[in-house]
Amino acid sequence: ELGCYGSTQVKSPNIDRLAERGTVFERAYCQQTVCNPSRASLLTGMRPDTLRVWDLPTHFRVHKPNAVTLPQLFKNSGYHAQCVGKIFHNWRQDEWKGDEASWSVPSVLHYANHGADKAQVEGKAPPNLASGKGGIECRDVPDNAYYDGRVAETAIQVMGELQQKGKPFFFAVGFWKPHTPFNAPKKYWDLYDRDKLVLPKRVIAPDNVPEIALEGCSRYTGGADSETLREMHHGHLAAISYLDAQVGTVLDELDRLGLRDSTHIVFWSDHGIHIGEHGLLNKTTAFEIDARVPIIIAKAGQTKGQCTSSLVELMDIYPTLAEWCGLEAPAEIEGVSLVPVLENPTAVVRTSAMTQTPRPNYPKGK
């Protein structure tokens with residue numbers, strides 16, 4: 001649901017602006033359709049089966065204690081490596097604090113769980129104008145009432161400090177939205193007319209699909225035009241536009257500081273989500289809507305955008321950045337460099353892309 005990926009109803013001007021000067025990967029896939037394994041895979045360049053990480057609680061260093069993560073590679077190569085927000089999936093792994101070995105300074109702005117993102121304002125919070133079902137929230141509050149607004153503010157502060165340091169940096173900024181709860185400030189809900197939203201046409205399982213393909217995902221049974229479904233899609237779009245505004249804030253500051261022409265930018269997401277499609281809610285399937293993810297890569301100084309249909313996987317980001325910056329990636333990584341595709345969007349670096357999800361779901365580290 002981004003304009004640069006063909007969505008006609010979402011409002012995502014800032015991410016679309018990044019796409020206009022970068023490479024949009026139209027067929028990019030995550031390694032597993034849930035947060036922790038997908039992030040662990042991207043950040044180590046190794047598959048979930050290699051890491052033995054298939055659930056939320058298991059930290060990748062349990063089985064791969066000597067893995068060199070992507071930010072760690074840069075830190076070990078003389079870069080300042082810093083993180084604001086959700087990059088490693090840490091809230092089920094608090095004792096790991098994300099991954100302290102990866103950063104030059106401690107990472108900041110994590111919360112205990114996804115339901116902890118309550119509006120923080122002076123005095124009493126304005127009323128919730130949404131139903132409140134499933135955490136859906138529409139309050140007339142500023143952007144920084146929620147975590148992503150504070151992540152963007154902190155990122156701006158850190159970028160100013162990074163510029164003053166005058167040394168190369170690896171800076172990771174992690175936003176939560178549009179993950180549930182859909183609780184963007186009211187002004188982002190106001191961007192959309194709920195009655196005109198395009199909803200999924202089919203909210204039952206595909207014909208002849210094996211039951212195991214649907215396992216582990218919550219079921220939606222409310223019909224194709226229920227008010228609940230309409231509100232969920234409204235909240236999802238509002239959350240995307242809220243995220244887009246925070247991305248824009250960070251990109252604008254990069255411009256203001258004069259860092260854009262010397263900074264490679266990678267925008268990515270860890271998995272997709274169902275909101276009624278196939279009669280499902282949430283994630284953890286191997287359907288396209290869960291498995292396909294956005295990746296936009298803008299090389300430093302790039303001014304002309306391009307799209308590619310070349311198959312890629314999230315873990316390919318690791319060797320790509322290593323090659324671009326002249327660093328030697330560890331021999332054990334399983335991703336492949338996307339530099340050939342970035343130089344020629346018709347290039348092929350993979351003949352297939354693999355996304356997996358365990359059955360039964362979340363096998364607790366087995």
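Biologist: By class, what does the lining of the second largest pocket have?

Modeller: Keep in mind that this is a predicted model. The pocket in question has a volume of about 230 Å³, and 14 residues line it. Split by class, that lining has two charged, six polar and six nonpolar residues.

Biologist: Which element gives the largest share of that pocket's lining?

Modeller: Strand 6 (274–275), strand 7 (280–282) and helix 7 (227–256) each supply at least two residues of the lining. The largest share is three residues, and it comes from helix 7.

Biologist: Which residue stands opposite Ser-218 in strand 7?

Modeller: Start with the open sheet of three strands, which has the order 4-7-6 with antiparallel pairing. Its edge strands, strand 4 (218–219) and strand 6, each pair on one side only. Two bridges join strand 4 to strand 7. The pocket ties in here too, as the residues closest to its centre include Leu-281. In strand 7, the residue opposite Ser-218 is Leu-281.

Biologist: Now Asp-55: does it count as buried or exposed?

Modeller: You'll find Asp-55 in the loop between helix 3 (48–51) and helix 4 (70–76). The cut-off for buried is under 20% relative accessible area. Asp-55 has 3% relative accessibility, so it counts as buried.

Biologist: And with which side chain does the side chain of Asp-55 make a polar contact?

Modeller: Look within 3.5 Å, the limit for a pair of N or O atoms in such a contact. At 2.8 Å, the partner is the side chain of Thr-58.

Methods
Residues numbered from 1 in each chain as written. Predicted model: local features only at pLDDT ≥ 70, side-chain atom pairs only at ≥ 80, totals over all residues. Heavy atoms only, no water. 1 Å grid on protein atoms, 1.4 Å probe; cavity = no way out; pocket = protein on both sides within 12 Å on 5 of 7 lines; lining within 4 Å. Points joined across faces, edges and corners; volume = space filled by probe spheres on them. Helix = DSSP H or I, 4+ residues; strand = E, 2+ residues; numbered from the N terminus. Nonpolar A, V, L, I, M, F, W, Y, C, P; charged D, E, K, R; others polar. Pairing = 2+ DSSP bridges. Buried < 20%, exposed > 50% of the residue type's maximum accessible area, 1.4 Å probe, protein only. Polar contact = N/O pair within 3.5 Å; in protein donor to acceptor, adjacent residues only side chain to side chain.
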